Amino acid sequence: MSTADQILKSKLYTLDALKAEREKWKAAGQKVVFTNGVFDLLHIGHISYLAAAAGLGQKLIIGLNSDASTRRLKGPTRPVNDEYSRSIMLAAIFFIDAVVLFEEDTPIIPITTLLPDILVKGGDYSIDQIVGAPEVMANGGEVKAIEFVEGYSSSKIIDKIKNR
């Protein structure tokens, strides 16, 4: 395995391993930010959103919908890229510290297991709609909504490709 492969794969965690890493970060006084999504076809909207999330703390964790979870949420033709490919693409982004897959329709299990200092979702969500918000706030954490860059979405990219 190349050094590059080792670096990328070192950011891919099981939930149990990430819980232990999160505890180390907490002990070191590092603020941990968590966000989640499918991140199927990465685009400038994703990068802008993720960079803004990373700027809120010292460590950024991405909860990534598994392929099965994505199909249930987005339909039988999604994801375009499989979970391993999506995980590696996210791991390649320098300001992302950890990627963890989840099988459920929502990221409630990784959120309640990791209890991040800051939980982030896109600006199209209100705080009361964000899964895990009550649990994070009850633990003394914050919940924030970050504005999206208008005009970008994986669905729009897919539609553009189909209509060529």
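Two strands are taken to pair if DSSP finds at least two bridges between them. Helices (H or I, at least four residues) and strands (E, at least two) are DSSP runs, numbered from the N terminus. The model is predicted: local features need pLDDT of at least 70, side-chain atom pairs count only at pLDDT 80 or more, and totals for chains, interfaces and linings use all residues. Residues are numbered from 1 along each chain as its sequence is written, and side-chain values use heavy atoms, with hydrogens and water left out.

Strand β2 (residues 32-37) pairs with β3 in the parallel sense, over six bridges. Within this pairing, Val-32 stands opposite Lys-59 of β3. Thr-35 has Ile-62 of β3 as its bridge partner. The chain passes from β2 to β3 through helix α3 (residues 44-54), and this β-α-β crossover is right-handed. A crossover has that hand if, with the strands pointing away from the viewer, the path from the first strand over the helix to the second runs clockwise. Strand β3 is also joined to β4 (residues 98-102); these two run parallel, with five bridges. Here the bridge partner of Leu-64 is Leu-101 in β4.

These pairings belong to an open sheet of six strands. Its order is β1-β4-β3-β2-β5-β6, and the pairing is parallel. Strands β1 (12-13) and β6 (142-146) form the edges, each pairing on one side only.

Seven of the seven residues of β3 (residues 59-65) are buried, so the strand is largely enclosed by the rest of the structure. In a regular strand the side chains alternate between the two faces of the sheet. Both faces of β3 are covered. Lys-59, Ile-61, Gly-63 and Asn-65 are buried on one side, and Leu-60, Ile-62 and Leu-64 on the other.

Nonpolar cores were then examined (sets of buried Ala, Val, Leu, Ile, Met, Phe, Trp, Tyr and Cys residues joined through side-chain atoms within 4.5 Å). The largest has 17 residues. Leu-50, Leu-60, Ile-62, Leu-90 and Ile-96 have the most contacts inside it. At least two residues of this core come from each of α3, β3 and β5 (118-122). Helix α3 gives the most, with four residues. Beyond its neighbours within four places in sequence, Ile-96 is in contact (heavy atoms within 4.5 Å) with Lys-11, Leu-50, Leu-60, Ile-62 and Leu-90. Apart from this core lies another, of 16 residues; Trp-25, Val-32, Ile-61 and Leu-119 are among them.

The structure holds seven salt bridges, each a side-chain nitrogen of Lys or Arg within 4 Å of a carboxyl oxygen of Asp or Glu. One of them joins the side chains of Asp-40 and Arg-78, at 2.8 Å from N to O. Asp-40 lies in the loop between β2 and α3, and Arg-78 in the loop between α4 (67-74) and α5 (83-91), so the pair ties together parts that are 38 residues apart in sequence. Both residues, Asp-40 and Arg-78, are buried.

A salt bridge also links Lys-59 with Asp-97, with 4.0 Å between the closest N and O atoms. Lys-59 lies in β3 and Asp-97 in the loop between α5 and β4, so this pair ties together parts that are 38 residues apart in sequence. Lys-59 has 19% relative accessibility and therefore counts as buried. Lys-144 and Glu-142 form another salt bridge, their closest N and O atoms being 3.3 Å apart. Lys-144 counts as partly exposed at 29% relative accessibility, and Glu-142 counts as partly exposed at 33%.

Key. Buried < 20%, exposed > 50% of the residue type's maximum accessible area, 1.4 Å probe, protein only.
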